[in-house]
Amino acid sequence: MSLFSRFMDSWRKYRKPGYYDEFDYHWTMAIDLDKCTGCEACVTACQAENNIPVVGEKEMARGREMQWIRIERYWEGEFPDIKLRFIPMMCQHCDAAPCETVCPVGATYHNQDGLNAQIYNRCIGTRACAVYCPYEVRYFNYYDHHWDSPLDKQLNPDVTVRGKGVMEKCTFCIQRIRQAKDLAKDDGRRRVRDGEVQPACVQSCPSKALVFGDRKDPDSQVFKSMHDPRNYRVLEELNTDSSVFYLKKVDA
Amino acid sequence: MATETNNLGYTDIHDDVVRSIVKTGPKYYIALATAGGTTLLCFFFPWFYQLYYGIGAAGINHPGVWGTYLASFIFWIGLSHSGTLLSCVLHLTNSTWRKAMYRSAEAMTLFSLVVAATYVMVHVGRPWFIHWAVPYPNQMELWPNFRSPLMFDVMAIGTYITGSTIFIYMGTIPDFAAVRDRTTGWRNTMYTLLSLGWRGTDKEWHRLHWAYTFLAVLIIPLAVSVHSIVSWDFAMSVVPGLHQTIFAPYFVVGAIYSGTAGIVTVMFVLRKSMGFEQYITKLHFDNLGKLLLVLSLIWTYINGVELFTAWYSGTSEEYEALGYKLFGFYAPLYWEMILFCAVAPMLMFSTRFRTSFVPMLILSIAINIGMYTERFLIIATSLSRQYLPDAWGVYVPSLVEISIMVGSFALFTTLFLVFVKIFPSVSMYEVKETMATPTMEPLAPATGIPA
């Protein structure tokens, strides 16, 4: 009995994302679709913050654009009575991520902050994670990208420039999270305060549709947003247990 | 079962097989130069181009991140299947008709696996780090991800290559010894080393037979597991069209199917080019034809099951994937596959068809074209229509991919051409077992044969 229960305990632990009993932080995003105007400021901000290459017209036509966050556009209804819906789509940082199990070298894994981390140096480019991801938010470096001068001078020094043959995706601006945690530590504080970390997309959203924070803090704004009655998660039926909550648009 | 080899003596077999190794005509050199040149030009040159500029040289794009490289990988793994598997099953069931063809079938396995393993390198974005997928103690203190089906795949294929290599080598030792005794110079030295001092004593025969049967039993489950695991690369995802429990048997049957068709092709070519008309006979084509027919029926059934499950699931994404497969962008390829792999093989119900060499050759090639299409479609149609309609797209292979695909056949041919000059491509000692005992007429000193 004890042996069996011990085995089951360790099995359950093994099945936990990243093998953590508990996350230190549980970074979560809430997106209010009622407020989203589809302006794509988040897309541009992300591009600038994370050194995402501009692939150019030719590659774009081949379906190789790089956008860690993209605005998906869906039409509803027929012409006179038509509605346009926007939904920003980025890595959902699933706690039961399909991409994490498939990587043969463990280049993508769950870290102690509940983030789905991508280790560029470890990636061998099987692209299996992109196939397994139901949200299609993983982007592959088909070539070595370069930035024409003087654009190369504005690359973010906190973010790796990815080489060819490597997969990449939204990190929830992990460099900012790391910085905030370091600051919190230097201040002698134990936790990062709510609103202290903002990924580039959240920071740039003019209508404040995007909210980011620690789900473990019940006073945080994101905690309130994710418990809004309008909340849902994309493709929740796949049991990916994602960390991005969407608040449904309510038609007047 | 007596075969048409009855009118041959032991010496004739030795003569024929050693001749096929030692006597090399200009035709062989032309063939080797063509195959080798094509390999360099169509396989290695585009691959190096791709290594230099990045995998963007292939046609892969955002929804279609996997392409023909993976399809070719599955195809070659599949082609590898029948060789050793068929040889093992037939060995264990004491089918004498296996004996003339199994050596070349096993070689096909081995070289298909080599090409498939090369394809893994071609497929990944950073092949220079491919060894990270293998568990070995390293200074980074990192292990591969043991939950990953891709990692299972590395293990399964590694085991299968090792097993097949030992199996084909061990079965050839007595024949190496026989060739050793009939050659001189550097060949003699090489075969002396390869034959591991084989003398043909009773004890040696006993041990060889025991070890050979042991390996045959070992390799059958291995062959089944390899393609099941390859199928899990797909089936373990949540992609509609890939996420199906039928995938493991589907891939195994498909593999044996295309592999058997491949053997028919190779046997036809060997029979014509090496002058093995007396060893590879109508009987072999008839038996393989029956096997192909059964496999084609199972394959058709599984295809039906696949469509049914998608329809029965009742979910919109499975419906979309199903409709796209049957009537979408890739639909002509789908119906071509059905024609080549499900409809055309029905011809083999006729004995006359099964025993005609050229029609069987054409059909066997058609089946493999169809099976290649199947592998391509599994990837291309499923990835094109996933959950979010915004990320739908179409993947079309690039020139580099097509060139590498052509080149891979040349690579396979090159390896095979080298093989026939080193390995006795028909198992001499086993063909002799099927023959009548020699009479008292004087014969050349029999080697590798118990007196």
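Axes are lines fitted to C-alpha atoms, for helices over the stretch in contact, and angles between them run from 0 to 180 degrees between N-to-C directions. With that in hand, here are some close-up views of this predicted model.

**View 1. Helices H10 and H13 of chain B pack at an angle of about 130°.** H10(B) covers residues 316–327, and its axis lies 9 Å from that of H13(B). Angles over 145 degrees count as roughly antiparallel and 65 to 115 as roughly perpendicular, and this pair is therefore described as oblique. The crossing of H10(B) past H13(B) is right-handed. Now follow H13(B) along its own length: residues 357–384 make 28 residues, and the helix reaches 40 Å from its first C-alpha to its last, close to the 40 Å expected. Look for Leu377(B) as you go, where H13(B) bends by about 30°.

**View 2. Helices H3 and H4 of chain B cross at roughly 155°.** H3(B) spans residues 68–92 and H4(B) spans residues 102–123, and their axes come within 7 Å. That angle makes the two helices roughly antiparallel. H3(B) passes H4(B) in a left-handed crossing. Which kinds of residue form the contact of H3(B) with H4(B)? The contact divides into 17 nonpolar, 9 polar and 1 charged.

**View 3. Helix H5 of chain B has a kink at Ile173(B).** The kink is about 45° and comes shortly before the proline Pro174(B). H5(B) runs over residues 149–180, which is 32 residues. From first C-alpha to last, H5(B) reaches 44 Å, close to the 46 Å expected at 1.5 Å a residue.

**View 4. Helix H7 of chain B has 34 residues, and several of them are buried.** H7(B) takes in residues 202–235 and reaches 49 Å, close to the 50 Å expected. Among its buried residues are Leu215(B), Ala223(B), Val226(B) and Trp232(B). An α-helix has 3.6 residues a turn, so residues three or four places apart point the same way. Ile219(B) also belongs to H7(B). Is Ile219(B) buried or exposed? It is buried, because 25 other C-beta atoms lie within 10 Å. The C-alpha atoms of Ile219(B) and Cys88(B) are separated by 7.2 Å, although these residues are 131 residues apart along the chain.

**View 5. Leu115(A) sits in a loop between two strands of chain A.** The strands on either side are S4 (108–110) and S5 (116–118). Leu115(A) counts as buried because it has 22 C-beta neighbours inside 10 Å. Glu40(A) is 75 residues from Leu115(A) in sequence and 24 Å from it in space, C-alpha to C-alpha.

**View 6. A cis peptide bond joins Ser149(A) and Pro150(A).** Omega here is about 5°. Pro150(A) is in the loop between strand S6 (139–140) and strand S7 (167–168) of chain A. Most residues other than glycine have a negative phi, and most peptide bonds are trans.

**View 7. Asn51(A) and Leu196(B) have positive phi values.** Phi is near 55° for Asn51(A) and near 50° for Leu196(B). Asn51(A) lies in the loop between helix H2 (41–49) and helix H3 (57–61) of chain A, and Leu196(B) is in the loop between helix H6 (185–194) and H7 of chain B. Asn51(A) is partly exposed, with 19 other C-beta atoms within 10 Å, whereas Leu196(B) is exposed, with 12.

Notes: Residues numbered from 1 in each chain as written. Chains lettered and ligands numbered in written order. Predicted model: local features only at pLDDT ≥ 70, side-chain atom pairs only at ≥ 80, totals over all residues. Helix = DSSP H or I, 4+ residues; strand = E, 2+ residues; numbered from the N terminus. Expected span 1.5 Å × (residues − 1). Bend = angle between axes of the 7 residues up to and from the residue. Buried ≥ 20, exposed ≤ 12 C-beta atoms within 10 Å, placed from the backbone. Parallel < 35°, antiparallel > 145°, perpendicular 65-115°, else oblique. Left-handed = near helix turned anticlockwise from the far one by under 90°. Nonpolar A, V, L, I, M, F, W, Y, C, P; charged D, E, K, R; others polar.
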